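Subject: Structure for you to look at

Hello,

Here is the structure we spoke about, with some notes on what was found in it. Please have it open while you read.

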Amino acid sequence: MRTSQPQTIYLSDYKVPAYLVDTVDLRFELFEDGARVHSTLAIRRNPDSQESAPPLELDGDSLVLESVALDGTALSESDYENRGEQLVIRSVPERFSLSVVTWIEPQNNTRLEGLYKSSGMFCTQCEAEGFRCITFFPDRPDVMARFRTRIEADQKAYPVLLSNGNDVDRGELDDGRHFMTWEDPFPKPCYLFALVAGDLVEKRDTFTTCSGRDIDLRMYVEPRNAEKCDHAMDSLKRSMRWDEEVYGREYDLDIFMIVAVDDFNMGAMENKGLNIFNSSCVLASQETATDMAFQRIEAIVAHEYFHNWSGNRVTCRDWFQLSLKEGFTVFRDSQFSADMGSPTVKRIEDVTLLRTAQFAEDGGPMAHPVRPASYMEISNFYTLTIYEKGAEVVRMIHTLLGPELFRKGSDLYFQRHDGQAVTTDDFVRAMEDASGRDLSQFRLWYEQAGTPMLTVSDEFDEGQGVYRLTIEQTIPDTPGQTNKKPQHIPFALGLLGSDGQPLPLRLASDEAEAPTERVLELTEGVHTFEFHDIPSEPVPSLLRHFSAPVRVRYPWTREQLLFLMNHDPDGFNRWDAGQRLAVDVIQRLIGSPDDAAIDPRLVEAYRKLITDTDLDQALVAKMLQLPSEAYLIELAESADVPAIHRARERVLEHLAEALRDDLVACYQRQQETGPYEVTPAAIARRSLRNTALGWLLMINDDEGRALAVRQLNEADNMTDRMGALRALVNSDYEADRRQALDDFYDRFRDDPQVVEQWFSVQAASDRAGQLSDIEQLLAHPAFDWKNPNKIRSVIGSFAGQNLAAFHNPDGSGYRFLADQVCRLDDSNPQIAARLVTPLTRWRKFAPAYSSQMQSALERIRDKDGLSRDVYEVVHKSLAG
Ligand code: TRP
Ligand code: ZN
């Protein structure tokens, strides 16, 4: 437990480690009442360290120290200092072996960091600083060692014993115990260490690499999940092939293992050769997982696999460099998903997340650069900025260099830094050296926080045939950063003529062959570009593909947006024009009580989307989704959430009423014929049908209700079942809703991943998820305060998605969240700190709300023994 105020750690204080560790020899004795960890480290002075005869300092957390020996001689308590969080030995030789024995209690570990138990099995989570909960060690990523791990446990209860690398020895011991020894030939930081012991079934497959090596692929899951592995295994094989083809990266070990565990703080973890997954991010079957889950699993399996090169072979020097591996790996997994499905749809999904959640983070009290300069608790920095904005920064390098030079740069990066712990700057330098491009100004993307705002204005000189575009960039102040320098921004655009045709973009009047799309490079505060030989006033298509993570302000007319929705050759911008139009209509309605304010042109645009079957149906399915409440809040100056919620619902209802017959026809047209498939076309079909159903139930249409009930009873897959359940839950058919929820629970009560979805569909619904309903869900026998997925599916869904209920003007939602955060702070501070997020944005909301949010934060601040995790978030958001 923390006794003093948490310290801030600064990038500028970075020093190379005083001691290096060449090998780590571990022996785990696993018991029901605890585990004994024997560790022997081969340590030597770091020749690059300037310090003379520094003390040896090892990190530790919640460890019982049993013994210490140096070069085989036991040390007495006067030879070392056990400060709890550090084990210090004042004087040590240049090179020595250190043996430490610690005792830990995995069965009582509710933080889920280090070694813990999840439904009867032992497992680990060491990133970022969990290894110190296992044994004393220099727990920093620039200390890379070769690990050898022996695990001993009861043979019956724990027949499967796993760690990183290759299995080199196994055998039986007394008392029904057995052991297995693993050796990882690749030096790695301790955050990539993993151990698993349990009664698990094994699923096997093989993959032949580009050089002809056969890799053993193994998945380990609880026996009841044996039939839910195929999709992850197929995703893994596709990822391995893709990384060879697109990045030239071959897998290095002979075995690759995936384990599914039910209790996990995050999505998954890229431990060398032994990836550990949250069950909800890896297990899937047609009956239990939605299309979205299938796609998420494919992306996360790929993400963790890609880390083998971007993260493990080349790792981070320190945690300020986290985006080095996360930004690059998210970029890689998003390229992969684009290649596996619809690139436009994938881009829309990524940008939606970025614009709603990352922009909000970047504009809030926890705003930080892609490479932060300081932190208190590193777990709080696994953020949308590090991951998603970090990926956008890599994507911009890809855009600026083009695919060939980018590949040259990544080849150089992997070759130059293989086996090293490096910085984001090393990554950019490799890109520069391979391409000959100067990215010095571009580096500001890593250093400056905040979302740049581009203000675009234009004028058309009819006499000269010149179209002039002026772009001004400003970067808002963020905590600790003001007066920012202009950044280097790739800005893709096109111009459309009045006939809807793309115009050649001639930057000089004598330019002969001009392209119809260009990437302009913005480097100054204001830029003006002139396009020549433009016959008539064009409609600009700005920031195509969302070529940079910025906001764009331009005075679009509704006519222009409708025109772009129909004609823009860039599918992303077609979608974006539709979103801007819908935002405009909803925003106008927030102040006015009159439905007549709903523009009939919006209705006609949506009618076209629903009825014109020649359109790309995957794109149509996305275009039909109205901007979310979270996005509308993000765009607001001083948000009144219930008012935003009502305005959005009224637009939805208005559309549903006007398009009622078309929706029924659309639903009928999308009926499934063949067997269930997870292809972009089939996903689009199901999405369209479920959108139509949802809209019909919004207006309590009796035919819609009958369709929903039938779909719920006849569905052969979870996407359709969940689509119908969600539609009923969000309708006024209260008896049907109750019945549907009860039946659903009875059918799936033994499947935790489905029960999570069942919790979440209720907690996220303003009809089924008022505060009293949420309290009932918390009291439900399937709810479990120790399981992060359950906590997220009830409390997280309520505060993050059921926004009108959470922002109840009486402040009850805020008090509720504060109570749950305080409760969870003792058992799982990482989860508690994440749950606070909705409250931290208090300045964004209208005064009647923000003052109550602030008091809720103060209540958390005043809790006794607040964890460092929650302390940092709450203090920064009250100060910021
Ligand atoms: N490196 C993991 C990933 O992005 C993230 C992760 C998994 C993590 N578990 C964690 C981060 C626990 C912090 C704490 O794939
Ligand atoms: Zn990652």
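In which hand does α4 pass α9? The crossing of α4 past α9 is right-handed. Please keep in mind that this is a predicted model.

Two helix pairs

Helix α4 covers residues 343-362 and helix α9 covers residues 571-591. Their axes come within 9 Å and cross at roughly 45°. An angle under 35 degrees would count as roughly parallel, and 65 to 115 as roughly perpendicular. The two helices α4 and α9 are therefore oblique to each other.

On the α4 side, the residues that meet α9 are Thr 344, Arg 347, Ile 348, Val 351, Thr 352 and Arg 355. On the α9 side, they are Gly 571, Phe 572, Trp 575, Asp 576 and Arg 580. Sorted by class, the residues of this contact are 4 nonpolar, 3 polar and 4 charged.

The second pair is helix α1 (residues 230-247) with helix α5 (residues 384-417). Here the axes come within 10 Å and cross at roughly 110°. The helices α1 and α5 are therefore roughly perpendicular to each other. In α1 the residues involved are Glu 245, Val 246 and Tyr 247, and they meet Phe 406, Arg 407, Ser 410 and Asp 411 in α5. The classes in this contact are 3 nonpolar, 1 polar and 3 charged.

Aromatic pairs

A pair of aromatic rings is described by the distance of the centres and the angle of the planes. How many aromatic pairs does a search of the whole structure find? The search finds 44. One of them joins Trp 758 and Phe 759, with 5.5 Å from centre to centre and 55° between the planes, and this pair is tilted. Trp 758 has a relative accessible area of 4%, so it is buried. Phe 759 is buried as well, with a value of 0%.

Phe 759 also pairs with Phe 783. The ring centres of Phe 759 and Phe 783 are 6.1 Å apart and the planes are at 80°, so this pair is edge-to-face. Phe 759 is in helix α19 (residues 752-763), while Phe 783 is in the loop between α20 (771-779) and α21 (788-801). The pair thus links distant parts of the chain, 24 residues apart. Both Phe 759 and Phe 783 are buried.

Two single residues

Val 24 is part of strand β2 (residues 19-31). Its relative accessible area is 1%, so Val 24 is buried. Which residues does Val 24 contact, leaving aside its neighbours within four places in sequence? They are Thr 40, Leu 41, Phe 137, Ala 145, Arg 146, Phe 147 and Arg 148. Phe 147 is 123 residues from Val 24 along the chain, yet their C-alpha atoms are separated by 4.8 Å.

Asp 825 belongs to helix α23 (residues 812-827). Is Asp 825 buried or exposed? Its relative accessible area is 4%, so Asp 825 is buried. Apart from neighbours within four places in sequence, Asp 825 is in contact with Ala 832, Lys 863, Gly 865, Leu 866, Ser 867 and Val 870. Asp 825 and Arg 111 are 714 residues apart in sequence, and their C-alpha atoms are 9.4 Å apart in space.

Regards

Notes: Residues are numbered from 1 along each chain as its sequence is written. Chains are lettered from A and ligands numbered from 1 in the order in which they are written. This is a predicted model: local features need pLDDT of at least 70, side-chain atom pairs count only at pLDDT 80 or more; totals for chains, interfaces and linings use all residues. Side-chain values use heavy atoms; hydrogens and water are left out. Axes are lines fitted to C-alpha atoms, for helices over the stretch in contact, and angles run from 0 to 180 degrees between N-to-C directions. Helices (H or I, at least four residues) and strands (E, at least two) are DSSP runs, numbered from the N terminus. Angles under 35 degrees count as roughly parallel, over 145 as roughly antiparallel, 65 to 115 as roughly perpendicular and the rest as oblique. A crossing is left-handed if the near helix is turned anticlockwise from the far one by less than a right angle, and right-handed if clockwise. Contact means heavy atoms within 4.5 Å. Ala, Val, Leu, Ile, Met, Phe, Trp, Tyr, Cys and Pro count as nonpolar, Asp, Glu, Lys and Arg as charged, and the others, Gly among them, as polar. Rings of Phe, Tyr and Trp (its six-membered ring) pair if their centres lie within 6.5 Å; planes under 30 degrees apart count as stacked, over 60 as edge-to-face and the rest as tilted. Buried means under 20% relative accessible area, exposed over 50%, partly exposed in between (1.4 Å probe, protein chains only).
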